[in-house]
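Please read it with the structure open.

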Amino acid sequence: NNNNNNNNNNKADDEESIDITLKGIKAENGQLLNSTGLTLWRASSLLCDFLCANPHLVREKRVLELGAGLGLCGILSYRLGASCTVMTDGDTDALENMRENVNFNIGGGGNGIEKGNDNGYDGDNSPSNSLLTCAQLRWGRHIEAFKKRWSVDKKNDDGVTCDDDADNDDNDADADADGGGSFDVIMGSDIIYAEDILEPLFDTIVELLSNSADSIFLLAYARRNVKIDLVFECGERHGLTW
């Protein structure tokens, strides 16, 4: 029931191809009732195209992906030069599969980056000082704990850091004090499928997104059961503009 989805058409602004191979389940197989993160949804390709056309948005930035599923956009962000990429999903099956995709694409087929481990991969489009990791995140739940573990602390007990600037402790303290997170970019594709997830989704975004004027939330939207106007209204209530 597993299939490899080859994404061979992603190109950065220098027209260099970035090949990513994913393990997942075809949507038409009808096995996604409990794990929608096990397939590749159409909006993820749109987000990838946007990132390849605008790699500066993630290059040397701290990136968080929500509802990462197979991990396509997060892996691409890493390959485009993000200093730190944390891919998240609420589903444990999706996370297990996501880590396999990370291992295959970044770790040379078996020496991949597990949660909490920095990587030393020196391949093309994969800066050796980057961090790529997978973590569970359920929107609106235990956000402060996630924030402390992944986006504010310089280095926790597991040796995990998502900030290359180890001398910038004052800025981190200020961000934590006024409610901001430390991710420069938060992104998601095809993650809005019901109205009742809007509030916890945007609560999570505003808690984890940096208060910097340059921080950004990228959403690749595919209409399911929620009108885009409701998405804009909820974002506006949470202080976001577009």
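Helix axes here are lines fitted to C-alpha atoms over the stretch in contact, and angles run from 0 to 180 degrees between N-to-C directions. Keep in mind that this is a predicted model.

1. **How α1 and α2 pack.** Helix α1 covers residues 42-53, and helix α2 covers residues 72-79. Their axes lie 9 Å apart and form an angle of about 10 degrees. Angles under 35 degrees count as roughly parallel. The two helices, α1 and α2, are therefore roughly parallel to each other.

2. **What makes that contact.** From α1 come S44, L47, C48, L51 and C52. From α2 come L72, C73 and L76. By class, the contact of α1 with α2 has seven nonpolar residues, one polar and no charged.

3. **Salt bridges overall.** How many salt bridges does a search of the whole structure find? The search returns four.

4. **K23 and E100.** These side chains meet in a salt bridge, at 2.7 Å from N to O. The pair links distant parts of the chain, 77 residues apart. K23 sits in strand β2 (residues 17-24), and E100 sits in helix α3 (residues 92-106).

5. **R62 and D184.** Here the side chains form a salt bridge at 3.1 Å, N to O.

6. **E199 and R237.** The closest N and O atoms of this salt bridge are 2.6 Å apart. Which elements does the pair link? E199 is in helix α6 (residues 198-208), and R237 is in helix α7 (residues 228-237). They are 38 residues apart and join distant parts of the chain. E199, at 34% relative accessibility, counts as partly exposed. R237 has a relative accessible area of 56%, so it is exposed. The cut-off for exposed is over 50%.

Methods
Residues numbered from 1 in each chain as written. Predicted model: local features only at pLDDT ≥ 70, side-chain atom pairs only at ≥ 80, totals over all residues. Heavy atoms only, no water. Helix = DSSP H or I, 4+ residues; strand = E, 2+ residues; numbered from the N terminus. Buried < 20%, exposed > 50% of the residue type's maximum accessible area, 1.4 Å probe, protein only. Parallel < 35°, antiparallel > 145°, perpendicular 65-115°, else oblique. Contact = heavy atoms within 4.5 Å. Nonpolar A, V, L, I, M, F, W, Y, C, P; charged D, E, K, R; others polar.
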